[in-house]
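Hi everyone, thanks for coming. Let me put today's structure up on the screen, and then we can walk through it together.

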Amino acid sequence: MSATKFSHPFMRSLKPLPEGHEDEIQQIREWMKSQPHLPYISDEYVILFLHSNYYKVKETKYTIESYFTIRATTPDIFSNRDPLAPKNKTVMDITHMVALPNKTSEGYHVLLYRLSEFDYSKLNFADAVRVFCMFNDVKLSEDRLSDGYIVIFDMKGCSLGHLTRVTLPALRAFMQYIQSAHPCRLKKIHVVHTVSFINQVMCLVKPLIHSNLLNLLNFSSEGPASIVDKELLPEDYGGPVTPVKQLHEEQRKNMEENYREWLIETELFKADEKKRIKKPSKGMFASFTSSFKSLDID
């Protein structure tokens, strides 16, 4: 892979690196030497993967393999990452994706996602997943080694029409990425203002959800104030914080102006399937989809 202009996965760098993990970094480095299909990555990248897995080496290998393989095998989601591209701008026009400015008492970051326009015909699901992943890459860069994330999905305005816009390939890739590849410590997922057809939604996604993620899910017919400290919330949810729309516009501007070239450059970080050493899937990876042709994690 050619040299990059920017630092990845932290645009402003992480140095000095956290101390006490030299052995784990070395173990990952040695393993990656035997995986020619994986790109060369910085020690900062390795630390992010290790941190997200609480410095457990075997689990970290799994996340690294999943992360770069999904990015190679699902170009609909992990290419065309220019935030100023028309499709990506449309997603930002019809949604609000925001990181709340204050952490929880446990030190966790809070992310909130909702529709800003309710016309389901404007939604392209694969485009929405792409921008969601772009937003989260920016958050990982900004937050560095976060102790954890609380995620809130506000379903207000969602209709059965939106459900018809969901495509199975994009949904499957999204669920695989969140559960197996996204290098963060996910603590809880709250779905608020649940809709009358939530059972139909769960019928669609439940076959794709691992039990550990299912345990993180919480559903509420009420708003975010029912599940997180009101002092953390924007004005439109009864809290003292800047309204969601303003937070979204500020963070969108940051993505478009400060992270545009960086996001485009992240497209380089993916597996090269032509270089993969073919070996049978085994153990914990046997249930992975066929796109994960082989995994050698031992």
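Before I count anything, a word on terms: a helix here is a DSSP run of H or I with at least four residues, a strand is a run of E with at least two, and both are numbered from the N terminus. Please also keep in mind that this is a predicted model. With those terms, the protein chain has 12 helices and five strands. How compact is the chain as a whole? Its radius of gyration is 19 Å, close to the 19 Å that the globule rule gives for 298 residues, so the chain is as compact as a globular protein of that length. Along the principal axes, the C-alpha atoms fill a box of roughly 50 × 40 × 35 Å.

Of the 298 residues, 54% count as buried. The chain exposes about 14100 Å², with carbon and sulfur atoms supplying 52% of that area. If we take contacts between residues at least 6 apart in sequence, 77% of them join residues at least 24 apart.

Let's zoom in on helix α8, residues 168-181. At 1.5 Å a residue, its 14 residues should span 20 Å, and the end C-alpha atoms are 18 Å apart, which agrees. Is this helix enclosed or open? Buried means under 20% relative accessible area, and 11 of the 14 residues of α8 are buried, so the helix is largely enclosed by the rest of the structure. Among the buried ones are L171, F174, M175, Y177 and I178. And what covers them? The cover includes the helices α3 (57-73), α4 (75-78), α6 (125-143), α9 (198-205) and α10 (211-214), along with strand β4 (186-192).

On one hand, β4 pairs with strand β3, residues 149-154, in the parallel sense over six bridges. In that pairing, I152 stands opposite H190 in β4. On the other hand, β4 pairs with strand β5, residues 217-219, again in the parallel sense, over three bridges. There, I189 stands opposite L217 in β5.

Is K139 buried or exposed? At 11% relative accessibility, K139 counts as buried. Leaving out residues up to four places away in sequence, K139 touches A99, L111, R144 and Y149.

That's my tour, so over to you for questions.

Note on methods:
Residues are numbered from 1 along each chain as its sequence is written. This is a predicted model: local features need pLDDT of at least 70, side-chain atom pairs count only at pLDDT 80 or more; totals for chains, interfaces and linings use all residues. Side-chain values use heavy atoms; hydrogens and water are left out. The expected span of a helix is 1.5 Å times one less than its number of residues. Buried means under 20% relative accessible area, exposed over 50%, partly exposed in between (1.4 Å probe, protein chains only). Contact means heavy atoms within 4.5 Å. Two strands pair if DSSP finds at least two bridges between them. The radius of gyration is taken over C-alpha atoms; the globule rule is 2.2 Å times the number of residues to the power 0.38. Accessible areas come from the Shrake-Rupley method with a 1.4 Å probe; for residues, only the protein chains shown count as cover.
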